[in-house]
Amino acid sequence: MSRLDTSPNELNEPTNGYSDHAPVIARLGGDRTPGDLSGDGKPDLVAIDTAGRLRLYHGDGKGGIAPYLGDGFAANYEEIGDGGWLGASVSHRGDFTRDGLEDVVARVGTELRIYPSRFAGTRLAPPTVVAKGLPTNAQVVTAGDMNNDGDADIVVSADGRLWLYENDSNAAILPAVQPRVEIGGNGGWSPMTITAPGDMDKDNRPDLLVRDTRDGYLYRYDGSTMFGTRTQIGYGYTTTNRPLIAGAADANRDGAADMWTTTETGTLTFYGNPAGGANTVVGASGWGTITAIS
């Protein structure tokens, strides 16, 4: 209510029925749950299909996928991006426009793009290009707040090295990022699949969930060391057994970071805690046609 114009009308108020008070429009988004693109407080999953379309799968708060009830009927997903996404690396966990809503960050071609926040039932807004010249196989994740300034940051794996693009929330025009700086030790990131689960070890710093594609070992890279140290938390996550992996934030809302994977049989599997090893099939079929998840 504080945004409303409550000043008195002017004495020369027009007689044509219109007020001299200009309308004020404000979007009151508030803070969203990390990973929540739909605004219902439950982390969601985004995916790219073989036609190059971007899909949004609404999380059910239990680690599974809820039916999308838009357009008058139930469906498994909501299409939020038309063709052109094939080969892209996409992520979502953070507000880069300071409107209280979560944005989508992606490497499309050689560009690092930020797609502003969206509402259920709508396509993504046009993006802002915040960096150029990335390799076409660069991996992008919105890891979380890496520098303790309250804003989510972007991590990119490119040319065997790991790079941090800090959120420049004080820029005159948003979204924007700071020039990149190298993190993650002394290289060696080329064979690694990276994804952002959130804070896995409860030290209030975001971690990385990393799969070594050479042997299928799964690691937690510690955010408190800028991903310079790691702990093995699983094995058997080969690109054959588990083609795609994605940090799920706290998808079942039990206070621990979770994970989704696709399988060699075309299903989607939820891991309530990657270190625990237990898993549940939450998508029975059709996931073999998905090329990327986040």
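Which side chain does arginine 220 meet in a polar contact of 3.0 Å? The partner is the side chain of aspartate 201. We will come back to this pair after a look around the whole protein.

## The overall picture

Welcome to this structure, which is a predicted model. The protein has 20 strands and zero helices, so strands are what to look for, given that helices and strands here are DSSP runs. Of its 294 residues, 50% are buried.

The accessible surface of the protein is about 13700 Å², and carbon and sulfur atoms account for 49% of that surface. Among contacts with a separation of 6 or more, 42% are between residues 24 or more positions apart.

## The sheet from S4 to S7

Start with an open sheet of four strands, arranged in the order S4-S5-S6-S7 with antiparallel pairing. Strand S4 (89-91) and strand S7 (128-131) stand at the edges; each has a single partner strand, so one side of each has no neighbour in the sheet. From one strand to the next, the twist averages 25 degrees.

Inside this sheet, strand S5 (residues 104-108) pairs with strand S6 (residues 111-115) over five bridges, in the antiparallel sense. To find this pairing in the model, look for alanine 106, which stands opposite arginine 113 in S6.

## Strand S9 and its two partners

What holds the strands of a sheet together? Strands of a sheet pair through backbone hydrogen bonds, either parallel or antiparallel. Strand S9 (residues 153-158) has pairings with two strands to follow. With strand S8 (residues 139-144), S9 pairs in the antiparallel sense over five bridges, and valine 141 stands opposite valine 155 in S9.

Strand S10 (residues 161-165) also runs antiparallel to S9, and five bridges join them. Here alanine 158 has arginine 161 in S10 as its bridge partner. S9 and S10 form a hairpin with two residues between them, and aspartate 159 in the turn has a positive phi of about 55 degrees.

How many of the six residues of S9 are buried? The count is six of six, and the strand is described as mostly covered. In a regular strand, the side chains alternate between the two faces of the sheet. In S9 both faces are covered: Asp153, Val155 and Ser157 are buried on one side, and Ile154, Val156 and Ala158 are buried on the other.

Strand S13 (residues 207-212) pairs with S14 in the antiparallel sense over four bridges. Along this pairing, arginine 211 stands opposite leucine 218 in S14.

## Back to arginine 220

Arginine 220 lies in strand S14 (residues 218-221). Is arginine 220 buried or exposed? Its relative accessible area is 14%, so arginine 220 is buried, because buried means under 20%.

Arginine 220 touches several residues beyond four places away in sequence, including Met200, Leu208, Thr229 and Ile233. Asp201 is also one of the residues that arginine 220 touches, and the polar contact of 3.0 Å between the two side chains is the pair we began with.

Conventions:
Residues are numbered from 1 along each chain as its sequence is written. This is a predicted model: local features need pLDDT of at least 70, side-chain atom pairs count only at pLDDT 80 or more; totals for chains, interfaces and linings use all residues. Side-chain values use heavy atoms; hydrogens and water are left out. Buried means under 20% relative accessible area, exposed over 50%, partly exposed in between (1.4 Å probe, protein chains only). Contact means heavy atoms within 4.5 Å. Accessible areas come from the Shrake-Rupley method with a 1.4 Å probe; for residues, only the protein chains shown count as cover. A polar contact is a pair of N or O atoms within 3.5 Å; within protein, one must be able to donate a hydrogen and the other to accept it, and residues adjacent in sequence count only if both atoms are side-chain atoms. Two strands pair if DSSP finds at least two bridges between them. Axes are lines fitted to C-alpha atoms, for helices over the stretch in contact, and angles run from 0 to 180 degrees between N-to-C directions.
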